[in-house]
Amino acid sequence: MDFSYAKHKNDFMAPILLLLVLLMPALQKTDAQSAGVCYGRNGNDLPADTEVVDLYKANGIGRMRIYEPNQATFEALKGSNIELTVTILNNLLQDLTDAAAATDWVQKNVQPYSADVKFRYIAVGNEVRPDYAEAQFLLPAIQNIQNAITAANLQGQIKVSTAIDTTLLGINFPPSNGAFSDAGNSMISPIINFLVSNGAPLLINVYPYFAYIGDPVNIKLDYALFTSPGVVVQDDSNGYQNLFDAMLDAHYSALEKAGAPNMQIVVSESGWPSEGSDVATVGNAGTYYSNLINHVKTGTPKRPNGPIETYLFAMFDENLKNGAEVEKHFGIFSPNTQPKYQLTFG
């Protein structure tokens with residue numbers, strides 16, 4: 001063996017190994033981070049977008065979901081490396097059944113920023129249900145946005161999907177029996193087929209809080225808050241210690257029955273309010289968010305190989321939200337940017 005070669009080889013390899021060691025924490029953080037945060041803007045007391053992005057960065061939050069395109073948000077995100085999901089609101093779906101309108105939307109809201117903003121998903125529609133007038137427009141809008149993204153040569157960077165809620169299931173218990181309702185299946189099956197053909201995940205808003213308050217007799221609070229000391233639901237070989245996993249796996253079962261056994265789910269919203277009902281307390285909300293962040297680093301009983309990409313709802317309390325009082329109190333930060341809970345991301 002030529003030891004002079006070995007010595008020079010080692011001299012060459014040393015700085016490369018050092019570089020890999022230095023890069024490893026950053027690489028691990030990007031791969032392991034599964035919790036992002038939704039940035040809703042339904043408030044008249046919210047900080048400027050530059051402050052919001054600084055808050056994401058200061059807290060190590062690497063993913064953001066917004067609910068409509070916003071130029072100020074795009075500008076603030078430039079160069080931040082924060083991965084972005086942009087939602088297209090339901091009232092725009094009918095317009096986007098026109099291919100030219102979809103192309104215009106992408107050319108206006110994505111292409112000018114795509115070099116400096118890390119777009120991850122476009123969520124076409126949010127919580128569209130089969131009985132909504134917009135339901136008939138959902139698939140054509142998704143298809144047209146996908147075609148526009150492909151025409152812009154961004155299909156390798158951006159996945160196009162839609163965000164549904166859990167009401168599309170007709171059967172949700174036990175999780176292995178999960179299945180879409182007849183109406184839900186009619187709406188979502190062709191969408192699922194299209195998403196599969198483009199390698200896109202399905203986005204689902206998952207709220208154990210609302211499941212709990214809808215059935216507090218049969219659902220225990222600790223099961224909803226990830227604090228149950230043991231298995232609560234035994235479903236064949238799978239044991240469920242928390243409601244989040246059970247809700248998620250019911251949807252995986254439904255996807256299997258819909259012919260998409262390998263489709264991934266992104267939890268596009270999940271949260272717990274701090275005011276507005278008996279169990280909407282700062283203590284419960286802090287427990288839920290902290291446990292959620294830790295839990296989604298791993299998988300579910302049905303899909304144990306995590307992490308589960310999940311977006312906390314939401315960054316701020318939003319004092320202009322419609323609906324019940326709890327809707328205004330999902331923020332993990334107050335509008336003055338002070339944290340409501342001690343949460344650790346990454």
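Mentor: Start with the largest nonpolar core, which has 109 residues. Such a core is a set of buried Ala, Val, Leu, Ile, Met, Phe, Trp, Tyr and Cys residues, joined through side-chain atoms within 4.5 Å. Buried means under 20% relative accessible area, exposed means over 50%, and partly exposed lies in between, with a 1.4 Å probe and protein chains only. Met64, Ile145, Phe244, Leu312 and Ile332 touch the most other members. Helix H9, residues 243–257, gives the largest share of this core, 9 residues. Helices (H or I, at least four residues) and strands (E, at least two) are DSSP runs, numbered from the N terminus. In soluble globular proteins, nonpolar side chains tend to be buried together.

A word on the source. This is a predicted model, where local features need pLDDT of at least 70, side-chain atom pairs count only at pLDDT 80 or more, and totals for chains, interfaces and linings use all residues. Residues are numbered from 1 along each chain as its sequence is written, and side-chain values use heavy atoms, with hydrogens and water left out.

How confident is the predictor? pLDDT is its confidence in each residue, from 0 to 100. The protein's mean pLDDT is 92, and 90% of its residues reach 70 or more. Residues 1–32 fall below 50, and that stretch has 6 contacts in the model beyond near neighbours in sequence. Contact means heavy atoms within 4.5 Å.

Now look at Phe244. Leaving aside neighbours within four places in sequence, its contacts include Val206, Pro208, Phe226, Tyr288, Leu292 and Ile308. Ser270, His295 and Thr310 are also among them.

Next, a helix pair. Helix H5 (residues 135–151) packs on helix H6 (residues 182–197) at an angle of about 10°, with axes 9 Å apart. The two are therefore roughly parallel to each other. Axes here are lines fitted to C-alpha atoms, for helices over the stretch in contact, and angles run from 0 to 180 degrees between N-to-C directions. Under 35 degrees counts as roughly parallel, over 145 as roughly antiparallel, 65 to 115 as roughly perpendicular and the rest as oblique. H5 brings Ala135, Leu138, Leu139, Ile142, Gln143 and Gln146 to the contact, and H6 brings Met187, Pro190, Ile191, Phe194 and Leu195. By class, that is 9 nonpolar, 2 polar and no charged residues. Ala, Val, Leu, Ile, Met, Phe, Trp, Tyr, Cys and Pro count as nonpolar, Asp, Glu, Lys and Arg as charged, and the others, Gly among them, as polar.

Stay on H5 for Asn144. Asn144 is buried, at 14% relative accessible area. Among the residues it touches are Leu96, Asp98 and Ala102, not counting those up to four places away in sequence.

Move to Asp235, in strand S9 (residues 233–235). Asp235 is buried too, at 6% relative accessible area. It touches Pro174, Pro175, Ser176 and Tyr240, again not counting residues up to four places away. Pro174 sits in the loop between strand S6 (169–171) and strand S7 (179–180). The peptide bond from Phe173 to Pro174 is cis, with omega near -15°. The bond from Phe313 to Ala314 is also cis, with omega near 10°.

Last, two backbone angles. Glu127 has a positive phi, near 55°, and is partly exposed at 24%. Asn153 has a positive phi near 60°, and is exposed at 61%. Most residues other than glycine have a negative phi, and most peptide bonds are trans.

Definitions and conventions
pLDDT = per-residue confidence, 0-100.
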